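This briefing sets out selected local features of one structure.

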Amino acid sequence: MSTRKKIALIGAGNIGGELAALCAKKELGDIVLFDIPAKADYAKGKALDLEQNGSVLGYDAKVTGTGNWEDCAGASVLIITAGIPRKPGQSRDDLVATNLPIIRNVADNAKKYCPDAFVIVISNPLDAMVYEFKRRTGFAAEKVVGMAGVLDSARFCLFLAREAGVSQKDVRAMVLGGHGDDMVPVLSACTIDGVNATHLIAKDKLDAIIARTRGGGGEIVKLMGTSAYYAPASSAMAMAEAYLLDQKRLLPCAAYLTGQYGYNDLYMGVPVVIGSKGVEKILELELSDDEKTMLAKSAKSVQSVVDVVKAST
Ligand code: APR
């Protein structure tokens with residue numbers, strides 16, 4: 001039996017497939033691509049394609065497709081994309097009715113087969129789905145996170161870089177709060193090689209960038225008819241890598257709040273240090289009054305979806 005770490009990807013669709021490709025190329029471990037029994041052959045086909053890709057690209061990773069949870073047993077990392085993505089005109093919150101029973105089914109199996117995994121939830125509406133996953137499994141808060149902030153921040157960075165006419169590599173920016181239209185791009189922490197972006201980009205342009213970042217997912221859904229998958233997969237891969245390699249990376253993630261920023265019993269995007277213990281630290285940034293107000297609005301939106309989830313048994 002391989003002694004490589006097992007990475008179980010729950011959902012072998014667009015994000016799951018791209019995640020498998022990235023994790024294999026990075027040789028982060030052996031990969032199990034899981035999907036519902038009706039799509040098990042699809043998952044097996046994708047897995048085979050990716051193993052053959054290893055011959056061309058030269059990586060060592062076993063990729064297995066399956067519809068059987070037993071194949072996920074003992075996974076070190078579990079990344080959940082199970083669910084239905086958005087269609088044009090839908091908000092993430094519109095997905096709650098379809099994706100709630102799915103996340104509950106995944107949570108029950110995860111509890112049984114992968115009790116020691118570091119879990120990254122991607123399914124939408126993200127903050128409510130990760131909340132429900134943790135509530136239902138009873139897993140430790142430091143082992144359950146949601147992927148949204150890395151992706152939203154990447155979108156923010158791209159738009160800032162294009163406006164400033166600089167490389168994306170030189171832009172550092174962070175988006176906090178819920179993964180919805182009220183997300184909070186934190187301008188006070190946004191720099192271009194150390195220089196605050198507000199010194200380099202005019203206010204009206206910054207406002208337009210913030211609006212585009214908030215609608216960044218919807219912009220792609222409108223163009224493609226389904227949601228984005230390359231950047232979402234890379235974002236989750238960065239979080240998994242930080243855990244597996246104990247990198248202590250500071251990444252904005254949906255984390256369980258127990259008083260930080262004034263919020264309790266809620267998952268929301270905050271700056272998190274990820275290492276081998278999972279969420280090792282939640283950083284409390286000093287936010288401007290405007291940012292605090294925006295965060296409160298975002299938290300309220302997240303709470304309203306969580307309330308719907310809690311009310312539905
Ligand atoms: N268990 C495992 N997989 C499931 C389950 C389940 N109970 N229910 C559905 N799936 C699978 C689907 O069969 C499908 O293959 O989840 C996969 C989702 O893949 P896509 O439809 O391609 O969706 P994707 O773009 O990968 O997005 C997945 O992430 O960003 C969010 O909003 C997005 O909630 C959506 C999720």
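**Backbone geometry, ligand surroundings and helix packing**

Pro125 is found in the loop that runs between strand 5 (118-121) and helix 4. The model is a predicted one.

**Backbone geometry**

- Most peptide bonds are trans, and most residues other than glycine have a negative phi.
- Glu27 is not a glycine, yet its phi is positive, at about 50 degrees.
- The loop that holds Glu27 lies between helix 1 (14-25) and strand 2 (30-34).

**Ligand surroundings**

- There are 22 residues around the ligand, and Asn14, Ile15, Asp35, Lys39 and Thr81 come nearest.
- Asn14 places a backbone N or O atom 2.8 Å from an oxygen atom of the ligand.
- Ile84 likewise has a backbone N or O atom 3.4 Å from an oxygen atom of the ligand.

**Helix 3 against helix 4**

- Two packed helices are described by the angle between their axes and the distance between the axes.
- Helix 3 packs with helix 4 (residues 126-137) at an angle of about 35 degrees, and their axes are 9 Å apart.
- The crossing of helix 3 past helix 4 is right-handed.
- On the helix 3 side, the contact includes Val96, Asn99, Leu100, Ile103 and Arg104, together with Val106, Ala107, Asp108, Ala110 and Lys111.
- These meet Met129, Glu132, Phe133, Arg135, Arg136 and Thr137 in helix 4.
- The residues of this contact between helix 3 and helix 4 comprise eight nonpolar, two polar and six charged.

**Helix 3 against helix 10**

- The angle between helix 3 (residues 96-113) and helix 10 (residues 289-311) is about 60 degrees, with the axes 11 Å apart.
- That angle makes helix 3 oblique to helix 10.
- Helix 3 passes helix 10 in a crossing that is right-handed.
- Val96, Leu100 and Arg104 of helix 3 make the contact with Val305, Val308 and Val309 of helix 10.
- Five nonpolar residues, no polar ones and one charged residue make up the contact of helix 3 with helix 10.

How values were computed. Residues numbered from 1 in each chain as written. Predicted model: local features only at pLDDT ≥ 70, side-chain atom pairs only at ≥ 80, totals over all residues. Heavy atoms only, no water. Axes fitted to C-alpha atoms, helices over the stretch in contact; angles between N-to-C directions. Helix = DSSP H or I, 4+ residues; strand = E, 2+ residues; numbered from the N terminus. Parallel < 35°, antiparallel > 145°, perpendicular 65-115°, else oblique. Left-handed = near helix turned anticlockwise from the far one by under 90°. Contact = heavy atoms within 4.5 Å. Nonpolar A, V, L, I, M, F, W, Y, C, P; charged D, E, K, R; others polar. Near = heavy atom within 4 Å. Polar contact = N/O pair within 3.5 Å; in protein donor to acceptor, adjacent residues only side chain to side chain.
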